[in-house]
Amino acid sequence: MAERRHAQISSRKQPQQARSMELVESVLDAAVQVLATEGTQRFTMARVAERAGVSIGSLYQYFPNKAAILFRLQTDEWRETTAMLRNTLDDASKPPLARLRVLTHAFIRSECAEASVRIALDDAAPLYRDAPEAAEVRQAGNDILQRFMREVLPNATNDERTLAGDLIRTTFGAVGKTFSETPRSDVEIAAYGDAMANMFEAYLLRLSGSI
């Protein structure tokens with residue numbers, strides 16, 4: 001990739017007026033299309049500007065380089081995932097393990113629905129993976145998962161809860177990515193979600209001493 005590993009990834013400025021907001025949204029929509037069709041290696045500012053129907057100068061007003069666009073797409077995805085985590089795992093109307101089952105199915109469906117873009121963003125991760133901004137966004141999801149672990153494993157040690165949370169998060173990322181790389185039917189997605197949820201449930205029940 002032409003840009004440096006630690007290139008600036010923050011947007012130059014935030015849109016304030018409706019017209020500016022629409023321009024940024026059209027740029028992000030175009031970026032998703034370019035990423036899905038061209039991949040990371042052929043993802044350029046010029047291609048995004050052309051697909052969005054805007055001048056390259058307008059694009060540079062908001063994004064200093066392609067790393068900044070890719071990071072914005074990634075943080076938007078992280079925020080959606082964080083919202084899904086929060087809305088599902090904090091839902092006190094359902095038992096904890098039922099919430100985890102709902103989350104597992106939702107995560108697998110989401111991975112499969114947006115597989116091409118997610119795979120391309122994974123390829124682009126070295127551009128922004130170690131940036132402070134990335135760590136801040138990821139930490140929010142980790143906090144939600146650890147809060148859930150304290151609820152579902154009240155008698156476990158902190159080390160056991162941390163390990164359980166890390167294992168589930170890592171399994172979501174690794175297995176979800178591998179499974180979604182191949183087109184899947186609704187039946188396959190549902191079956192895989194059930195199998196993952198069953199595995200998590202058995203693991204947590206054993207840790208809690210319930211089995």
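Modeller: Helix α4 is mostly covered, with 17 of its 24 residues buried. Buried means under 20% relative accessible area, exposed over 50%, and partly exposed in between, with a 1.4 Å probe and protein chains only. This is a predicted model, in which local features need pLDDT of at least 70 and side-chain atom pairs count only at pLDDT 80 or more, while totals for chains, interfaces and linings use all residues. Residues are numbered from 1 along each chain as its sequence is written, and side-chain values use heavy atoms, with hydrogens and water left out.

Colleague: How many helices and strands does the protein have?

Modeller: Helices (H or I, at least four residues) and strands (E, at least two) are DSSP runs, numbered from the N terminus. The protein has nine helices and zero strands, so its elements, read from the N terminus, run α-α-α-α-α-α-α-α-α. Of the 211 residues in the protein, 42% are buried.

Colleague: What span should α4 have, and what lies at its start?

Modeller: The expected span of a helix is 1.5 Å times one less than its number of residues. For the 24 residues of α4 this gives 34 Å, which agrees with the 34 Å between its end C-alpha atoms. The 18 residues of α5 should span 26 Å, and the end C-alpha atoms of α5 are 26 Å apart, in agreement. At the start of α4, a side-chain oxygen of Asn-65 reaches to within 3.2 Å of the backbone nitrogen of Ala-67.

Colleague: Which residues of α5 are buried?

Modeller: An α-helix has 3.6 residues a turn, so residues three or four places apart point the same way. In α5 the buried residues include Leu-100, Leu-103, Thr-104, Phe-107, Ile-108 and Glu-111.

Colleague: How should I read the largest pocket, and what is its volume?

Modeller: Rolling a probe the size of a water molecule over the atoms shows where empty space is left. On a 1 Å grid over the protein atoms alone, a pocket is an open set of points where a 1.4 Å probe fits, with protein on both sides within 12 Å along at least five of seven lines; lining residues have an atom within 4 Å of a point. Grid points are joined across faces, edges and corners, and a volume is the space filled by probe spheres set on the points. The largest pocket has a volume of about 770 Å³.

Colleague: Which residues lie nearest the centre of the largest pocket, and which helix gives the most to its lining?

Modeller: The lining holds 25 residues, and Glu-77, Trp-78, Thr-81, Phe-107 and Gly-173 lie nearest the centre. Helices α4 (66-89), α5 (96-113), α6 (115-124), α7 (132-152) and α8 (158-180) each supply at least two lining residues, and α4 gives the most, with six.

Colleague: Are Glu-77 and Gly-173 buried or partly exposed?

Modeller: Glu-77, in helix α4, counts as buried at 13% relative accessibility. Its side chain is joined to that of Gln-74 by a polar contact of 3.0 Å. A polar contact is a pair of N or O atoms within 3.5 Å; within protein, one must be able to donate a hydrogen and the other to accept it, and residues adjacent in sequence count only if both atoms are side-chain atoms. Gly-173, in helix α8, is partly exposed, with a relative accessible area of 37%. Gly-173 and Ile-108 are 65 residues apart in sequence, with their C-alpha atoms 9.7 Å apart in space.

Colleague: How many aromatic pairs does the structure hold?

Modeller: A pair of aromatic rings is described by the distance of the centres and the angle of the planes. Rings of Phe, Tyr and Trp (its six-membered ring) pair if their centres lie within 6.5 Å; planes under 30 degrees apart count as stacked, over 60 as edge-to-face and the rest as tilted. The structure holds three aromatic pairs. The rings of Phe-172 and Phe-200 have centres 5.4 Å apart and planes at 75°, so this pair is edge-to-face. Phe-172 lies in α8 and Phe-200 in α9 (residues 186-208), so the pair ties together parts 28 residues apart in sequence. Both Phe-172 and Phe-200 are buried. For Phe-179 and Tyr-192, the ring centres are 3.9 Å apart and the planes at 20°, so that pair is stacked.
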